[in-house]
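Subject: Structure handover

Hello,

Here is the structure I said I would pass on. Please look it over first, then read the notes below it.

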Amino acid sequence: MKIGALEAGGTKMVCAIGTDRGEILDRIEIKTETPEVTMAKIIDYFRQFDIAALGVGCFGPIDIHKESETYGYITATTKLAWVNYNIVGTLEEALGVKVGFDTDVNGSALGEATWGITQGIQNSMYITIGTGIGAGVISEGRLLHGMLHPETGHIQMKQHPKDIFTGWCPYHGTCFEGMAAGPAIEKRWGKKAVELSDTMEVWEMEAYYIAQALVSYTMILSPERIVLGGGVMKQTQLLPLVHAEFKRQMAGYIQTKEIAKIEDFIVLASLQDDQGILGAVQLGVEALAV
């Protein structure tokens with residue numbers, strides 16, 4: 001059975017054809033332009049294949065509540081051409097198949113839970129740290145939504161004692177995204193993250209903010225495993241620093257078998273950057289079951 005998968009990002013759209021066994025049979029990338037231009041290309045791609053359903057993991061904010069009048073819409077996004085755009089309705093009408101729909105980070109969390117490093121775990125998080133910061137949460141085996149969807153990148157941060165940076169986020173300044181996303185690193189230090197690999201001060205400060213957020217998430221959501229992805233986490237020196245800083249900031253307060261094995265509790269993404277597109281495949285599979 002062929003399932004269409006769309007990982008809809010603000011810069012590019014990844015379109016793929018997968019199977020319910022987690023195989024990717026074909027894929028292309030399409031630049032994100034206006035809906036009129038981009039969606040025509042996406043629809044033309046999927047029309048080449050006899051897909052049974054389509055799964056979409058989408059940049060947001062989005063409306064994921066099926067009882068809502070604007071279910072399936074991209075809502076108040078900073079990508080102005082896409083504000084209040086009915087992406088699900090457009091795809092359903094053009095392709096004549098059921099469409100599963102969720103956030104891009106929820107898609108990645110689902111990909112890891114279905115085929116990756118959180119298989120069999122009932123409570124987990126997938127966090128992407130790159131151009132922005134966001135997370136997908138699986139609680140008791142189900143994706144967590146709530147009134148909208150978790151905006152985990154915008155929790156407020158206590159500043160590092162040596163940090164005078166006032167934050168990059170235009171809404172909250174010193175939130176997690178404002179202090180630790182890729183653009184925050186570049187604005188604070190005057191160079192891109194990839195150019196700062198050998199500057200340990202950069203990564204010790206980055207670990208301070210990541211660990212602080214993970215301690216908060218652990219206290220509130222009690223995940224059994226946290227998966228870290230995104231471009232910033234490709235710095236190989238960072239994860240051990242996060243482990244050490246997490247333990248320091250947790251200060252022995254929560255003592256579980258998971259935290260005792262910190263290298264198995266806070267881990268890197270496992271699907272070679274395919275967790276998002278594989279999660280979209282699974283969203284399509286689940287749409288068929290409704």
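Two strands are said to pair if DSSP finds at least two bridges between them. Helices (H or I, at least four residues) and strands (E, at least two) are DSSP runs, numbered from the N terminus. This is a predicted model, in which local features need pLDDT of at least 70, side-chain atom pairs count only at pLDDT 80 or more, and totals for chains, interfaces and linings use all residues. Residues are numbered from 1 along each chain as its sequence is written, and side-chain values use heavy atoms, with hydrogens and water left out.

β9 (residues 133–139) pairs with β10 in the antiparallel sense, over two bridges. Isoleucine 138 has leucine 143 in β10 as its bridge partner. Both strands belong to an open sheet of five strands with mixed pairing, in the order β10-β9-β8-β11-β12. At its edges are β10 (142–143) and β12 (266–268), each pairing on one side only. Helix α7 (residues 238–250) packs on this sheet and touches β11 (225–229) and β12. Contact here means heavy atoms within 4.5 Å. The direction of α7 makes about 170° with that of β12. Axes are lines fitted to C-alpha atoms, for helices over the stretch in contact, and angles run from 0 to 180 degrees between N-to-C directions.

Another sheet

A five-strand open sheet, also of mixed pairing, has the order β3-β2-β1-β4-β7. Its edge strands are β3 (24–31) and β7 (98–103), and each pairs on one side only. Direction ignored, neighbouring strands of this sheet are turned by 15° against each other on average. β1 (residues 2–8) and β4 (residues 53–58) run parallel and are joined by six bridges. Glutamate 7 has glycine 57 in β4 as its bridge partner. Helix α1 packs on the sheet, touching β1, β2 (12–19), β3 and β4, and its direction makes about 15° with that of β2. Helix α10 (residues 275–288) lies across β1, β2, β3, β4 and β7, at about 130° to β1.

A helix pair

At what angle do the axes of α1 and α2 cross? The axes of α1 (residues 35–46) and α2 (residues 87–95) cross at roughly 40° and come within 10 Å. The two helices are therefore oblique to each other; angles under 35 degrees count as roughly parallel, over 145 as roughly antiparallel, 65 to 115 as roughly perpendicular and the rest as oblique. The contact is made by Met39, Ile42, Ile43 and Phe46 of α1 and by Ile87, Thr90, Leu91, Ala94 and Leu95 of α2.

Regards
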